[in-house]
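Here is a short briefing on one protein model. Keep the structure open while reading.

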Amino acid sequence: MRVIFMGTPAFAVPSLERVLKDGHQVAAVVTRPDRPAGRGQALAASPVKRAAMRAGVPILQPATLKDPETQAALAALLPDAILVVAFGQILPPALLGLARHGCFNVHASLLPRYRGAAPIAWALIRGEQETGVSVIRMTELVDAGPILLQRAERIREEDTAGTLGERLSCLGAAALAEVLLALERGEARGIPQDEALATSAPKLTAADQRLNWTEAAAALRNRVRGLTPEPGALTAHGGETLRVLEAVVEEKDAGAPPGTLVAVDRRGPVVATGRGRLRLLRVQPEGKRPMDGAAFARGRRLTPGARFG
């Protein structure tokens with residue numbers, strides 16, 4: 001099958017590699033323009049662009065898909081299908097009807113749950129026990145098209161957005177391969193989504209990153225898991241921003257106002273929350289490398305009564 005592949009982050013790379021491995025003809029890879037990154041702010045290619053370069057596939061990096069010249073260039077490629085995996089732009093109506101079979105999206109949730117830009121993060125933040133991937137036929141309504149295939153995945157207690165995302169990216173690649181095979185055989189059938197069950201997973205904001213110590217310790221830990229490794233769960237200490245990378249719940253009575261340091265030992269600092277305590281196992285102070293919580297506590301000479309938040 002002749003396809004156009006649209007994707008940007010590492011999550012999309014296994015799908016691109018699987019499409020190539022299965023012998024489909026990738027007429028072009030469309031990904032975001034290079035962006036400044038790192039301390040030197042040099043332009044950096046997206047993970048999908050790097051994968052496409054390794055494979056020798058033509059690459060397009062339009063600033064927007066609304067540009068008529070871009071749309072004409074994509075139409076000239078005569079694709080049988082357009083495959084979209086974490087691309088980062090909404091496809092305009094003119095592109096939805098471009099390919100013979102249509103446009104298909106790999107979404108990291110069991111739709112109609114967690115529609116939106118950050119389904120993995122929100123599934124963890126909200127304490128879900130299961131998530132998955134869905135391959136849908138795209139429509140003008142974002143993430144609302146008919147479902148062609150779903151695969152579920154258990155969320156593990158130790159999962160972060162990073163570890164869960166890695167598994168879902170591989171699961172999504174396999175599901176996409178099945179859908180392409182079904183399309184070739186004329187066996188792909190979509191099932192409409194139940195709108196009554198739809199929930200949203202909007203793009204994360206700066207407010208979503210802040211740890212609210214009045215919440216329960218379990219909820220705070222889930223937020224840390226959902227925001228790790230990026231964009232990070234944040235709190236404040238001593239006038240600086242502290243990124244919390246790993247934490248565990250201690251069910252003991254907090255015994256102090258939320259955000260108060262109640263204990264420090266060789267396993268790290270323990271902070272009172274709205275219900276229970278949260279031990280900070282791994283943190284990253286502003287402008288510093290990640291370190292374990294105990295090293296942070298020693299370096300700052302933390303004693304009970306110190307405040308976070």
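The model is predicted. An open sheet of seven strands runs in the order 5-2-1-6-7-8-9, with mixed pairing. The largest nonpolar core holds 64 residues. Helix 6 gives the most to this core, with nine residues.

**Sheet and helix 6**

- Strand 5 and strand 9 (147–154) are the edge strands of the sheet; each pairs on one side only.
- Helix 6 (residues 161–185) packs on the sheet. It touches strand 6 (81–85), strand 7, strand 8 and strand 9.
- The direction of helix 6 makes about 150 degrees with that of strand 9.
- Strand 7 and strand 8 (residues 130–137) run antiparallel and are joined by four bridges.
- Asn 105 stands opposite Ile 136 in strand 8.
- As background, strands of a sheet pair through backbone hydrogen bonds, either parallel or antiparallel.

**Nonpolar cores**

- In soluble globular proteins, nonpolar side chains tend to be buried together.
- In the largest nonpolar core, the residues with the most contacts inside it are Phe 5, Val 29, Leu 83, Ile 120, Trp 213, Leu 280 and Phe 308.
- Leaving aside residues up to four places away in sequence, Trp 213 touches a set of residues including Leu 220, Thr 235, Pro 258 and Val 271. Leu 280 and Phe 308 are also among the contacts of Trp 213.

**Helix 2**

- Val 48, Lys 49, Ala 51 and Ala 52 are buried in helix 2 (residues 47–55).
- Seen down the helix axis, these buried residues fall within an arc of 160 degrees, so they line one face of helix 2.
- Met 53 and Arg 54 are exposed, on the face of helix 2 turned away from its buried side.
- The buried residues of helix 2 pack against strand 1 (2–7), helix 1 (13–21), strand 2 (25–30) and strand 5 (59–60).
- Gly 56 follows helix 2 and has a positive phi, near 70 degrees.

- Strand 13 (residues 268–272) is largely enclosed by the rest of the structure, because five of its five residues are buried.
- Strand 12 (residues 261–265) and strand 13 run antiparallel, joined by four bridges. A hairpin links them through two residues.
- Val 264 has Pro 269 in strand 13 as its bridge partner.
- Three bridges join strand 13 to strand 14 (residues 277–285), and this pair runs antiparallel.
- Ala 272 has Arg 277 in strand 14 as its bridge partner.
- The hairpin of strand 13 and strand 14 has four residues between the strands. In this hairpin, Gly 276 takes a positive phi near 85 degrees.
- Val 271 and Ala 272 are among the residues that Trp 213 touches.

**Gly 116**

- Where does Gly 116 lie? Its place is the loop between strand 7 (102–107) and helix 5 (119–125).
- Gly 116 has 23% relative accessibility, so it counts as partly exposed.
- Beyond residues up to four places away in sequence, Gly 116 touches His 107, Asp 143 and Ala 201.
- Gly 116 and Glu 17 are 99 residues apart along the chain, and their C-alpha atoms are separated by 24 Å.

Conventions
Residues are numbered from 1 along each chain as its sequence is written. This is a predicted model: local features need pLDDT of at least 70, side-chain atom pairs count only at pLDDT 80 or more; totals for chains, interfaces and linings use all residues. Side-chain values use heavy atoms; hydrogens and water are left out. Buried means under 20% relative accessible area, exposed over 50%, partly exposed in between (1.4 Å probe, protein chains only). The arc is that of the directions from the helix axis to the C-beta atoms. Contact means heavy atoms within 4.5 Å. Two strands pair if DSSP finds at least two bridges between them. Axes are lines fitted to C-alpha atoms, for helices over the stretch in contact, and angles run from 0 to 180 degrees between N-to-C directions. A nonpolar core is a set of buried Ala, Val, Leu, Ile, Met, Phe, Trp, Tyr and Cys residues joined through side-chain atoms within 4.5 Å.
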